[in-house]
Each structure stands twice: as C-alpha cells, then as structure tokens.
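The terms are defined where they come up.

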Amino acid sequence: MDYILEVNKLKKNFKNFTLNDISFKLEYGYIMGFIGPNGAGKSTTIKLIMNLLKKDEGDIKIFGMDNIKDEKKVKNRIGFVYDENYYYETLTINQMKNIVSSFYKNWDENQFKHYLKEFDLNPKSKIKTLSKGMKMKFSLAIALSHNADLILMDEPTSGLDPVFRRDILDILYNIIQNEKRSVFFSTHITTDLEKIADYITFINKGNIVFSKSKDEVMENYVLIKGGTDLLDKDIRKEFIGIRETSVGFEALTNNVEKMKQKFGDSILVEKASLEDIMVYTVRR
Amino acid sequence: MTGLIKKDLMLVFSSTWEKIFLIFYIPLMLFVIEASQTEWLYFILISSYSYLLCITSFTYDVKGNTDRMINSLPVSRKEVVLCRYMELIIYFIFSIIYVGIYLWIINMLGLYNIGYFNISMIKIAFPTLLISTAVVFPFYLKFEPRIAQIAYMAVYMGIFLVASNSAGGNGLFSNLIVGKEISTTVIALIIWIISLILSIKLYENKDL
C-alpha cells in the first residue's frame with residue numbers, strides 16, 4: 001500500500017528528552033490527529049518530518065520519497081502551519097505572500113485571495129499587528145494556496161475561538177475530499193479530532209502509545225465506573241488509569257470483556273472520549 | 001535562490017531602521033571623522049554599508065526563528081547558506097552605486113569635497129569584506145545570536161578603527177594592503193570559500 005507519510009523507528013536524543021522509536025503511517029485521503037500532552041514530543045516529531053531537526057535514527061518517507069534526499073520535491077507538496085508565528089513581523093501580509101509564493105511551483109494566487117477574503121485578512125496589514133488567531137489564519141491561507149498534497153499542522157487550533165476552529169475543521173474536511181490529499185495535525189484539543197480525524201496517533205513521553213483508526217480507538221477504550229469496594233491492589237493494576245473519589249472510582253480500560261466478567265453488573269461501562277484516553281494514560 | 005535573495009532585499013529595504021541608516025550614516029561619518037585622506041572615508045562608507053546590510057538580513061532569521069519557516073519552504077539548507085554569501089556581492093555593488101550617488105550630490109551642493117568613486121579603495125574594500133563576512137557568518141550559524149552579535153560588532157569595530165586611523169593619516173593598514181590588492185583578494189577568496197564550506201556543513205547539521 002502507498003502511504004503519503006511513513007515514519008519508521010524515528011529517534012532523537014536531547015539532554016532531557018528522548019523521542020523513542022516513533023513509527024506510524026498515514027494513507028492518502030485521510031486525516032490523522034496527533035495527540036499527546038505538552039512536552040510529549042508532538043512538535044519535535046513534526047520538526048523531524050520537516051527536517052528542521054536532525055534525526056539520530058530512523059526513516060521518514062513522504063509521498064514515498066526520503067524527506068532529506070528529496071527535500072525540495074517533498075516540501076513543494078507540503079502545506080505547513082506551526083503553533084507559533086515564524087513569519088517576518090515587519091512585513092505586510094502581501095509582502096510575505098510575495099516572498100513565500102516565489103518558492104512554490106504551483107502557487108495559486110486566486111486561491112490565496114479567496115482565503116484572505118474568507119478569513120477577513122487585509123493584505124496591507126503588517127503581520128505584527130495581527131492577533132494570534134489572525135496570524136494562524138494567515139498561515140493557513142499560505143498553506144492552502146499552493147495545491148499541497150499533505151497539510152502538516154502543529155497545534156493549529158490552539159488560541160482560536162470555537163467558530164473559527166469549526167471553520168478550520170470544515171476546510172480540512174473539504175481538503176481530503178480529494179483522495180490524493182491528507183492532513184496530519186497535532187493538537188491537545190481532542191474534541192476537534194473526534195469530529196474529523198480518521199486516524200489517531202497518541203504520543204506520550206516520547207513514545208507512541210498507539211496509532212490506530214479513530215473508530216478502533218473509540219471501540220477499544222471504555223470508562224468503567226463503580227464503587228471503591230470493588231477495588232483491590234491487583235485490580236487497580238489492570239486499569240490503564242484510575243481516578244478515585246470518596247463515592248467511587250472511574251477507570252479507563254481497553255479490555256472491557258475482562259472487566260465485565262470480573263465485575264458483572266456492579267459496574268457501569270461508558271464510552272471514553274479521546275480526552276479521557278489521553279488524560280488517564282498520561283496520569284498512569 | 002532568487003526567492004531567498006528577493007526575501008532578504010525586501011526585508012532590508014522595508015525596515016525603518018535600515019532607511020534611517022541609509023540616509024543618515026554618510027552625513028554622520030562626514031561629520032564625525034576628521035579625514036586627512038578622504039579616500040579612506042569612502043572606504044569606510046562602502047565597507048560599512050555592505051557589511052551592515054549583509055548582516056542585517058542574517059540577523060532577521062537568527063533572532064526571530066524565521067529560519068524555521070524558510071527551511072519549511074522548498075529550499076535546501078545549502079542554498080540558504082550560499083545565498084547569504086552571494087548577497088555580499090549584491091550589497092557591495094549596491095553600496096558603491098548608492099554611496100557614489102550620495103557623495104556626488106554632496107559634492108555638487110558644495111557641502112564636502114570627497115571623491116564619489118575610487119577604484120583603489122574598492123579593490124581594498126572587497127577583500128576586507130570577504131574576510132569580515134567569512135569570519136562572522138559561521139558564528140551566526142553555530143552559536144546563539146548573542147555570541148554572534150559580539151563577533152559581528154568586534155569585526156565591524158575592527159574595520160572601522162583601522163580605516164579611521166588610515167583616514168586620519170596613519171599608514172599601518174594601507175602599508176599592509178595597498179599595492180598587494182590582487183594577492184590579498186586571492187587569499188581573501190580562499191578564506192571566504194573555506195568559510196562557505198564550513199557554514200554549509202554547520203547549517204546542514206543544525207537543529208532549528
């Protein structure tokens with residue numbers, strides 16, 4: 001099978017942090033959400049994919065090509081949005097666009113104008129005068145205006161109001177209607193992913209916890225609720241994560257059948273949200 | 001490559017500080033330096049403009065982390081470094097033309113009597129700039145901006161002081177270089193190429 005993005009046994013060592021054997025694959029025509037708490041390694045992985053950081057080990061293939069050997073070819077087909085503004089603050093939107101557009105072979109000026117209008121951005125505004133949300137909109141307009149096949153986004157919805165967040169999700173959903181395009185985006189706002197992601201890759205402390213289809217994740221993980229009298233030392237260990245209060249407990253498991261056999265009707269089983277999965281796994 | 005050069009030129013000439021520098025640096029130098037040999041004033045002007053413009057575009061990317069954005073575009077790191085080095089020639093030609101026109105106007109108005117084009121000073125300024133940038137550029141690629149800024153200022157002060165002394169009549173620097181322009185330029189070019197290769201290696205292995 002052809003993949004638009006393949007990351008295989010990726011490693012990167014820092015003084016206080018190690019990204020360990022990161023592997024996942026994204027098919028053409030899908031959206032993959034990359035979740036994890038702050039400091040889990042999401043931005044580091046994205047920087048490695050973009051060759052902004054030098055990997056220690058592993059392979060990264062984009063469109064079937066090596067991300068370093070074929071760097072220019074690959075980057076010509078990637079639209080990127082980062083969590084911070086890396087554009088020149090002293091320039092206007094139009095000046096910045098003139099710079100960026102000259103690098104891309106397939107720059108679409110009409111598309112860019114369309115997004116400026118849709119996002120209500122004035123091309124004469126200096127970038128330093130834009131709010132965080134407006135800067136994100138500008139980054140998005142750039143990323144979507146050169147017919148990119150892979151949209152790579154690092155926390156694109158953080159700091160944005162719910163209305164614009166929903167707009168972004170609609171735009172991303174429309175992008176993948178073209179089956180040759182995919183979206184990979186990291187976020188800790190997991191509700192966004194529940195709406196549009198096809199695949200979820202979860203990273204914690206530099207390790208991949210899972211990389212699966214969203215449906216598989218939502219089916220496998222459940223929340224168990226019950227009284228604290230049901231718990232003992234061994235049972236506690238069988239949960240992925242547990243929260244206990246004076247009235248009872250709530251725990252995450254990916255083995256609901258075993259729990260049902262063990263506790264019968266004395267527990268309540270509920271669907272776990274992505275946020276539940278992330279929070280309980282991190283607190284483990 | 002043209003995209004990178006276009007970017008740097010746009011950045012340099014859109015900045016208010018650069019505009020102030022371009023307009024007021026010449027009158028300031030003419031006012032501050034009492035020159036018995038005005039050709040060295042011409043040397044200071046073309047060298048300062050070339051050097052400072054060259055470094056300005058560099059510092060934009062180093063200080064603002066905009067090199068992450070640049071390196072996410074379809075461009076190789078080798079091209080980014082090569083462009084930095086090649087821009088010296090563009091800024092040098094610009095400085096000769098700009099300073100020439102500026103000084104010609106000053107002469108025409110009768111405000112100061114100074115030559116607006118001096119080929120022998122251009123022959124000295126070129127190797128000086130090659131060596132200066134060859135020393136400073138790797139600092140920007142290897143170290144934190146703060147350390148690179150110190151190197152940049154040290155080199156600039158070096159150029160400025162020796163040339164100011166020469167302008168004041170001290171022949172130390174001129175004895176060292178005048179009459180040996182060709183061999184100096186060849187040595188400077190060799191140093192510049194070594195620095196270019198070193199910078200490419202440094203930048204290709206740098207975490208941004």
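## Basis and conventions

Helices (H or I, at least four residues) and strands (E, at least two) are DSSP runs, numbered from the N terminus. The model is predicted: local features need pLDDT of at least 70, side-chain atom pairs count only at pLDDT 80 or more, and totals for chains, interfaces and linings use all residues. Residues are numbered from 1 along each chain as its sequence is written, while chains are lettered from A and ligands numbered from 1 in the order in which they are written.

## Annotated segments of chain B

An unreviewed UniProt entry gives "transmembrane region" for residues 9–28, 40–60, 81–105, 117–141, 153–173 and 185–203 of chain B. UniProt positions are given in the numbering used here, feature names are shortened, and annotations may be inferred rather than shown by experiment.

Residues 9–28 of chain B are 95% helix and 0% strand, with end C-alpha atoms 24 Å apart. For residues 117–141 of chain B the figures are 92% helix and 0% strand, and the end C-alpha atoms are 34 Å apart.

## Helix packing in chain B

Helix α3 (residues 38–64) and helix α6 (residues 119–142) of chain B have axes that come within 10 Å and cross at roughly 25°. This angle makes α3(B) roughly parallel to α6(B). Axes here are lines fitted to C-alpha atoms, for helices over the stretch in contact, and angles run from 0 to 180 degrees between N-to-C directions. Angles under 35 degrees count as roughly parallel, over 145 as roughly antiparallel, 65 to 115 as roughly perpendicular and the rest as oblique. The crossing of α3(B) and α6(B) is right-handed; a crossing is left-handed if the near helix is turned anticlockwise from the far one by less than a right angle, and right-handed if clockwise. The residues in the contact of α3(B) with α6(B) comprise 15 nonpolar, five polar and one charged. In this classification Ala, Val, Leu, Ile, Met, Phe, Trp, Tyr, Cys and Pro count as nonpolar, Asp, Glu, Lys and Arg as charged, and the others, Gly among them, as polar.

A second pair is helix α5 (residues 77–108) and helix α9 (residues 181–204) of chain B, whose axes come within 9 Å and cross at roughly 140°. The crossing of α5(B) and α9(B) is also right-handed. From α5(B), Arg77(B), Lys78(B), Val80(B), Val81(B) and Tyr85(B) meet Leu196(B), Ser199(B), Ile200(B), Tyr203(B) and Glu204(B) of α9(B). Two residues are in contact if their C-beta atoms, placed from the backbone, lie within 7 Å. By class, this contact of α5(B) with α9(B) has six nonpolar, one polar and three charged residues.

## Where the chains meet

Contacts between the chains involve 22 residues of chain B and 20 residues of chain A. On the side of chain B that touches chain A, α1 (2–14), α3 and α4 (66–70) each supply at least two residues. The most come from α1(B), with six residues. That side of chain B divides into eight nonpolar, ten polar and four charged residues.

## Chain A overall

Chain A has eleven helices and 14 strands. Its C-alpha trace spans about 65 × 40 × 40 Å along the principal axes. Of the 284 residues of chain A, 42% count as buried. A residue is buried if 20 or more other C-beta atoms lie within 10 Å of its own, exposed if 12 or fewer, and partly exposed in between, with C-beta atoms placed from the backbone. Among contacts in chain A between residues at least 6 apart in sequence, 71% join residues at least 24 apart.

The unreviewed UniProt entry lists "domain: ABC transporter" for residues 4–230 of chain A. That span is 32% helix and 29% strand, and its end C-alpha atoms lie 47 Å apart.

Glu155(A) sits in the loop between β7 (150–154) and α6 (162–175) of chain A. Its phi is near 50°, a positive value in a residue other than glycine. Glu155(A) counts as buried because it has 22 C-beta neighbours inside 10 Å. Lys205(A), in the loop between β9 (199–204) and β10 (207–213) of chain A, has a positive phi of about 50° although it is not a glycine. With 15 C-beta neighbours inside 10 Å, Lys205(A) counts as partly exposed.

Asn85(A) lies in the loop between β6 (78–81) and α3 (93–101) of chain A. Asn85(A) has 20 C-beta neighbours inside 10 Å and therefore counts as buried. Leaving aside neighbours within four places in sequence, Asn85(A) is in contact with Ile127(A) and Lys135(A).
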